[in-house]
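Let's walk through this one together, a question at a time. Have a look at the model first.

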Amino acid sequence: MAALIDGRAMARALGERTAQAVATLKADGVDPALAVVLVGHDPASEIYVRRKIGECRKAGIGSIEKRLAADCGEQALLDLIDTLNADPAVHGILVQLPLPAGIDAARVLDRISPAKDVDGFHPVNVGRLSTGSKGLVPCTPLGIMLLLDSVIEDYRGLNIVVIGKSNIVGKPVAMLLLEREATVTVTHIETRNLPDLARAADVIVAAAGAPHLVRGYWVKPGAVVIDVGITRMVDHDGASRIVGDCATHELDHAKAVTPVPGGVGPMTIACLLSNTVTAAQRSMS
Ligand code: NAD
């Protein structure tokens, strides 16, 4: 049987380390705080924001919730970001995506100070990641690396196939893996012979959003499989469930796999909190 990499347990452990770092910061007179900006009332975004604020509270991180109406206009959002950028009591700024139509998300994310960009999406942080210098790293890729670190000691020369080339998962995780001297192949919807490429890999990171794309015969014995995909499916009886990108029930021959749910997902929020603490620590120097 493949070992299951327990993202919930690892996220709890990271949360404990974060809470300790928060206590140290507070003892030094810094109260770490995350500003969460929500524009409009997208139901999924409401859930994500509530969860992020709840997790902040558990770790002792202050949260500042800022809400704007869906029709607030781009300038009002940019003005709010300017205010948060200038506020020394705010260490991290997160603008919940997606933004309503008519607001240019790239312009909004570019406005966030790179030092407070806890999502790691600002071009300065993207550039730092691609040059291997110190910045803020996007949360899901950071979480994926921590999950992989629990089963891989040395990445040098490993063949790693990343499925998906998005700016929030595929590309940044590929950069992090390259920094560890792995040989990384980034694949996408137009990639030819994907099953063959996957079968040659020591590690597969699947971030396509395509339910059960990665089948058993795509995975060589002893490979490590990280399933990032989250797709909500509705069963015949109307019950909804979350499905990943990997047919995990066909992966007994793998060395280790992440479950969905309970793998990458919990690590993403835990890494958001640890990025907020990192930003607060760096604000002191
Ligand atoms: P995206 O839609 O921006 O990118 C998907 C990528 O996968 C694209 O590059 C596309 O070319 C590729 N792709 C799609 N179908 C494919 C196929 N059949 N074969 C090969 N490549 C294919 O998605 P994203 O934002 O990177 O998210 C990917 C998945 O990860 C989604 O299911 C998303 O919900 C999930 N996700 C999970 C977390 C988490 O915390 N667990 C965080 C972010 C994203």
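**A walk through the model**

Helix α3 (residues 74-86) has 13 residues and runs 19 Å from its first C-alpha to its last, close to the 18 Å expected at 1.5 Å a residue; that expected span is 1.5 Å times one less than the number of residues. Helices (H or I, at least four residues) and strands (E, at least two) are DSSP runs numbered from the N terminus. This is a predicted model, where local features need pLDDT of at least 70 and side-chain atom pairs count only at pLDDT 80 or more, while totals for chains, interfaces and linings use all residues. Residues are numbered from 1 along each chain as its sequence is written, and side-chain values use heavy atoms, with hydrogens and water left out.

Q: Within what arc do the buried residues of α3 fall, seen down its axis?
A: Buried means under 20% relative accessible area, exposed over 50%, and partly exposed in between (1.4 Å probe, protein chains only). In α3 the buried residues are E74, L77, L78, L80, I81, L84 and N85. Seen down the axis, they line one face of the helix, because they fall within an arc (taken from the directions from the helix axis to the C-beta atoms) of 160°.

Q: Which exposed residues sit on the face of α3 turned away from its buried side?
A: The buried residues of α3 pack against β2 (33-39), β3 (62-68), β4 (92-95) and α4 (105-111), with contact meaning heavy atoms within 4.5 Å. The face turned away from that buried side carries T83 and A86.

Q: Which backbone nitrogen lies 2.9 Å from a polar atom of the N85 side chain?
A: N85 lies in helix α3. A polar contact is a pair of N or O atoms within 3.5 Å; within protein, one must be able to donate a hydrogen and the other to accept it, and residues adjacent in sequence count only if both atoms are side-chain atoms. A polar atom of the N85 side chain is 2.8 Å from the backbone oxygen of R111. The backbone nitrogen at 2.9 Å belongs to S113.

Q: How far is an oxygen atom of the ligand from an N or O atom in the side chain of S166?
A: The ligand is surrounded by 20 residues, the closest being K165, S166, I189, I230 and T268; a residue counts if one of its heavy atoms lies within 4 Å. A polar backbone atom of K165 is 2.9 Å from a ligand oxygen, and a backbone N or O atom of V228 is 3.4 Å from one. For the side chain of S166, the distance is 2.5 Å.

Q: Is E181 buried or exposed?
A: E181 is in the loop between α7 and β6. Its phi is near 70°, a positive value in a residue other than glycine. With a relative accessible area of 53%, E181 is exposed.

Q: What is the relative accessible area of V214?
A: V214 lies in the loop between β7 and β8 (224-227). Leaving out residues up to four places away in sequence, V214 touches I163, A206, V219, D245, C246 and A247. V214 is buried, and its relative accessible area is 0%.

Q: Which residue does a cis peptide bond join to V260?
A: This bond has an omega of about 0°.
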